[in-house]
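Dear colleague,

I am handing over the structure below, and after it you will find a written account of what was found. Please read the two side by side.

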Amino acid sequence: MPKKSKEAEALSILPLSGKSRWRQFAPFCPVSREKFRQLYIDGKAPQPERLGLRCTFFDNRELHRWLEDPVNYQARKEGM
């Protein structure tokens, strides 16, 4: 069996804290990118955090909350 590189091994888990871009989160997401976009617009998935025009991140803690129960997830209000 071929050995996994450290890079590939690091990508096989979603860290509990920090920020992730879509590309890092996509392997764990049960829906398509477009469906996930629709969900966060409706407040039913973690809200993106914009760092610039073309740089968007998601909070890993919120992603884990959503993955635990995607049907009942409610985005947290700002300031909470």
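Strand 1 and strand 3 run antiparallel and are joined by two bridges, where strands are DSSP runs of E with at least two residues, helices are DSSP runs of H or I with at least four, and both are numbered from the N terminus. Helix 4 packs on the sheet, where it touches strand 1 and strand 3, and its direction makes about 60° with that of strand 3; such angles run from 0 to 180 degrees between N-to-C directions, with axes fitted as lines to C-alpha atoms, for helices over the stretch in contact. Across the pairing, Lys-19 stands opposite Asp-59 of strand 3. The sheet as a whole is open and has three strands in the order 1-3-2, with antiparallel pairing, two strands being paired if DSSP finds at least two bridges between them. Strand 1 (19-20) and strand 2 (49-52) are the edge strands, each of which pairs on one side only.

Before going further, please note that this is a predicted model, in which local features need pLDDT of at least 70 and side-chain atom pairs count only at pLDDT 80 or more, while totals for chains, interfaces and linings use all residues. Residues are numbered from 1 along each chain as its sequence is written, and side-chain values use heavy atoms, with hydrogens and water left out.

The chain has four helices and three strands, and along the sequence they follow the pattern α-β-α-α-β-β-α. Of its 80 residues, 25% are buried, where buried means under 20% relative accessible area, exposed means over 50%, and partly exposed lies in between (1.4 Å probe, protein chains only).

Which residues of helix 3 are buried? They are Phe-36, Leu-39 and Tyr-40, and because they cover an arc of only 95° around the axis, they lie on the same side of helix 3; the arc is that of the directions from the helix axis to the C-beta atoms. What covers the buried residues of helix 3 includes helix 2, strand 3 (55-59) and helix 4. Ala-45 is in contact (heavy atoms within 4.5 Å) with Phe-36, Leu-39, Tyr-40, Trp-66, Tyr-73 and Ala-75, not counting residues up to four places away in sequence. Helix 3 is followed by Gly-43, whose phi is positive, near 80°.

Glu-62, in helix 4, counts as buried because its relative accessibility is 15%, and, leaving aside neighbours within four places in sequence, Glu-62 is in contact with Pro-46, Tyr-73 and Arg-76. Glu-49, in strand 2, counts as partly exposed at 34% relative accessibility. Not counting residues up to four places away in sequence, Glu-49 touches Lys-19, Cys-55, Thr-56, Phe-57 and Asp-59, while the C-alpha atoms of Glu-49 and Arg-21, which are 28 residues apart along the chain, are separated by 9.7 Å.
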